[in-house]
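Please read it alongside the sequence and the model.

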Amino acid sequence: MIILEKETDQYIQDYVARHKLRFPREAIMNICQKYREEKKKEWSLDTITEAVSENLRDVLRDELKKLRLGASSVDKNTEILIEFINGLYFYPNYHGIMTTNLQEVGVTKIAEEVVEERILKQRQQQLGKEYSKRKSSLLFLFN
């Protein structure tokens, strides 16, 4: 014996009539069964969604890594060019250019080393900031 709200009781009575059932308990059992089936579907959709999301995240991470490496290379070469242009302005009467495929001069190596050192310092600073953030996050968690 259970006591229900009028609206719920009316819903069950309508369900009994609509499905030609004999007892309200059959209606309640059917409604519960359908609910369980829907929950299973919902769970499987969540599982599928999570699996697809995880795979997409992995694929995108790999692609973004490739893009970052390409962008870093372009950035590095651009910085080297800036160093060369800067060096050329020291010789304003110079009207030619010697490309590296003809002859790579020592200043090319110097420019590359300067840029490499700059990139290394920036990376170290970035790692230091990330370390500080993690450290402060851990301290926050344990306090």
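In which helix do K66 and E63 both lie, and how many residues apart are they? Both belong to helix α2, where they are 3 residues apart, about one turn of the helix.

## Basis of the model

The model is predicted, with local features needing pLDDT of at least 70 and side-chain atom pairs counting only at pLDDT 80 or more, while totals for chains, interfaces and linings use all residues. Residues are numbered from 1 along each chain as its sequence is written, and side-chain values use heavy atoms, leaving out hydrogens and water.

## Salt bridges

The structure holds 3 salt bridges, each defined by a side-chain nitrogen of Lys or Arg within 4 Å of a carboxyl oxygen of Asp or Glu. In the bridge between K66 and E63 the closest N and O atoms are 3.5 Å apart; K66 is exposed at 55% relative accessible area, whereas E63 is partly exposed at 40% (buried is under 20%, exposed over 50%, partly exposed in between, with a 1.4 Å probe and protein chains only).

R61 and D58 meet at 3.0 Å, N to O, and E117 pairs with K121 at 3.7 Å, the latter two residues lying 4 residues apart in helix α3 (residues 106-142). Helices are DSSP runs (H or I, at least four residues), numbered from the N terminus.

## Aromatic pair

There is 1 aromatic pair. The rings of Y11 and Y15 have centres 6.4 Å apart and planes at 35°, so the pair is tilted (centres within 6.5 Å; under 30 degrees is stacked, over 60 edge-to-face, the rest tilted). Y11 is partly exposed at 46%, while Y15 is buried at 4%.

Key:
Phe/Tyr/Trp six-rings, centres within 6.5 Å; stacked < 30°, edge-to-face > 60°.
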